[in-house]
Amino acid sequence: MRAAAHGERLAMASGTRTRTIQWEDPRALAAAGRELAGSDFLRAMATGDLPAPPICATMNMTLLEVGDGRVEFECEPDESHYNPIGVVHGGLVCTLLDTVLGCAGHSTLDAGFGYTSIDISVDYLRPITAASGPLRAVGTVTKPGRRVIFATGEVTDASGALVATARSSLLVMPLTRLV
């Protein structure tokens, strides 16, 4: 009897949804990235002259602005990003912050150099749902470097409320190692 009642609740709560994701070949983007200075590479993505990387389609992220040591992204959370308790999974916010922190660092690099995250520390300040509206994330370099870059980031919801912050260090490396 108990199993039937549980099954009935599941049937009432179900409602299949789908989401289709499309992206460009990431190898072509990576090749362009080896030839351009970081700020030029990111600006070409922001203007659409270069395609966004696949993670942007997966996470509904868009690169809006690029400055020297600063970037801004927008992310549109939806139900496909929900965790089991009905709010946006912290992994989406962490990925958004890792993206702005890394891209802010990348904007300071010469052609032929890239980065990888060494660490990231995220502070989640309030829950996010699809109703939170578009999220804005800003990443700023606090200390550029030839070996390690330090950056901070903030995410706000559509009302301007701060929902998360982060700090990260990024290892600078020649991109020839990745070929």
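Student: Which residues of α5 are buried?

Tutor: Buried means under 20% relative accessible area, with a 1.4 Å probe and protein chains only. In this predicted model, local features need pLDDT of at least 70, side-chain atom pairs count only at pLDDT 80 or more, and totals for chains, interfaces and linings use all residues. Residues are numbered from 1 along each chain as its sequence is written, and side-chain values use heavy atoms, leaving out hydrogens and water. Helices are DSSP runs of H or I, at least four residues, numbered from the N terminus. In α5, 12 of the 17 residues are buried, including Leu92, Leu96, Val100, Cys103 and His106.

Student: What span should helix α5 have?

Tutor: The expected span is 1.5 Å times one less than the number of residues. For residues 90–106 that gives 24 Å, and the end C-alpha atoms are 24 Å apart, so the two agree.

Student: Why is cysteine 56 too far from cysteine 103 for a bond?

Tutor: A disulfide is a covalent bond between the sulfur atoms of two cysteines. Here the pair must lie within 2.5 Å. The sulfur of cysteine 56 is 7.4 Å from its closest cysteine sulfur, in cysteine 103, and the count comes to zero disulfides. Cysteine 56 is buried, at 8% relative accessible area, and cysteine 103 is buried too, at 9%.

Student: Which element gives the largest share of the lining of the largest pocket?

Tutor: Rolling a probe the size of a water molecule over the atoms shows where empty space is left. The largest share of that lining, six residues, comes from α5.

Key:
Helices (H or I, at least four residues) and strands (E, at least two) are DSSP runs, numbered from the N terminus. Buried means under 20% relative accessible area, exposed over 50%, partly exposed in between (1.4 Å probe, protein chains only).
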